[in-house]
Amino acid sequence: MSDMSDCLFCKILQGRIPARIVHQDDIAVAFEDVNPQAPTHVLIVPRQHIGSLDDATQDHISLIGHLHLVAAKIAADRNITRGYRTVFNNGPLAGQSVFHLHLHLLGGRPMTWPPG
Ligand code: 5GP
Ligand code: ZN
């Protein structure tokens, strides 16, 4: 794992800031969002520091797929497979506030479209 000493999610992954971890494996860690926007709001975060999708390369194809499969597993474990959403916010205009790639898993309530 890269050590980005001023990155909030790197600190969580290193255990330097507490989080409610719900899944971990060699590639990713998932934890509850501190400010949940739905009954399920989990962040699935690669152990490797990647700023956003803009910084992803061909080397990260498998990693990005893995984040989605972890989301689907958590959704299945929580019985929310009738409707959940996976979201990467990329860049400030899309609402990205933490610049360590993370997949939002939102579910447990009806979702509207388009998102805001
Ligand atoms: P973004 O806005 O970058 O797409 O998503 C960042 C998410 O991280 C937000 O939903 C925000 O609530 C969450 N977040 C920010 N700080 C913390 C924290 O210290 N702990 C946890 N668990 N989530 C955080
Ligand atoms: Zn980081």
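**Close-up 1. Surroundings of V42 in the predicted model.** Leaving aside residues up to four places away in sequence, V42 touches V22, A30, F31, E32, D33, I74, R78, L103, H104 and L105, where contact means heavy atoms within 4.5 Å. This is a predicted model, in which local features need pLDDT of at least 70, side-chain atom pairs count only at pLDDT 80 or more, and totals for chains, interfaces and linings use all residues. Residues are numbered from 1 along each chain as its sequence is written, chains are lettered from A and ligands numbered from 1 in the order in which they are written, and side-chain values use heavy atoms, with hydrogens and water left out.

**Close-up 2. The nonpolar cores.** The largest nonpolar core has 17 residues, and those with the most contacts inside it are V42, I44, L67, I74, F88, L103 and L105; a nonpolar core is here a set of buried Ala, Val, Leu, Ile, Met, Phe, Trp, Tyr and Cys residues joined through side-chain atoms within 4.5 Å. Buried stands for under 20% relative accessible area, exposed for over 50%, and partly exposed for values in between, with a 1.4 Å probe and protein chains only. At least two residues of this core come from each of β2, β3, α2 and β5, and α2 gives the most, with 7 residues. Another core, of 10 residues, lies apart from it and has C7, F31, V45 and V98 among its members.

Close-up 3. Helices (H or I, at least four residues) and strands (E, at least two) are DSSP runs, numbered from the N terminus. With 17 residues, α2 reaches 25 Å from its first C-alpha to its last, close to the 24 Å expected at 1.5 Å a residue, the expected span being 1.5 Å times one less than the number of residues. The buried residues of α2 are L63, I64, L67, V70, A71, I74 and A75; seen down the helix axis they fall within an arc of 135°, so they line one face of α2, the arc being that of the directions from the helix axis to the C-beta atoms. These buried residues pack against β1 (21–24), β2, β3 (40–46), β4 and β5 (103–107), whereas the face turned away from the buried side carries the exposed residues I61, S62, L69 and D77. After α2 comes N79, whose phi is positive, near 55°.

**Close-up 4. The salt bridges.** A search of the whole structure finds 2 salt bridges, a salt bridge being a side-chain nitrogen of Lys or Arg within 4 Å of a carboxyl oxygen of Asp or Glu. In one of them E32 pairs with R78, the closest N and O atoms being 2.7 Å apart; this pair links distant parts of the chain, with E32 in strand β2 (residues 28–32) and R78 in the loop between α2 (61–77) and β4 (84–87), 46 residues apart. E32 is buried, with a relative accessible area of 17%, while R78 is partly exposed, at 28%. K73 forms a salt bridge with D77, with closest N and O atoms 2.9 Å apart, and, being 4 residues apart in helix α2, K73 and D77 are separated by about one helical turn. K73 is partly exposed, with a relative accessible area of 45%, and D77 is exposed, with 53%.

**Close-up 5. Strand β2 and its partners.** Because 5 of the 5 residues of β2 are buried, the strand is largely enclosed by the rest of the structure. Both of its faces are covered, with A28, A30 and E32 buried on one side and V29 and F31 buried on the other. Strands β1 and β2 pair in the antiparallel sense over 3 bridges, where pairing requires that DSSP finds at least two bridges between two strands, and they form a hairpin with 3 residues between them. I21 stands opposite F31 in β2, and the bridge partner of F31 in β3 is L43; β2 and β3 run antiparallel and are joined by 5 bridges.

Close-up 6. Strand β5 pairs in the antiparallel sense with β3 over 5 bridges and with β4 over 4 bridges; T40 stands opposite G107, and V87 has H104 as its bridge partner. F99, in the loop between β4 and β5, is partly exposed, with a relative accessible area of 43%.
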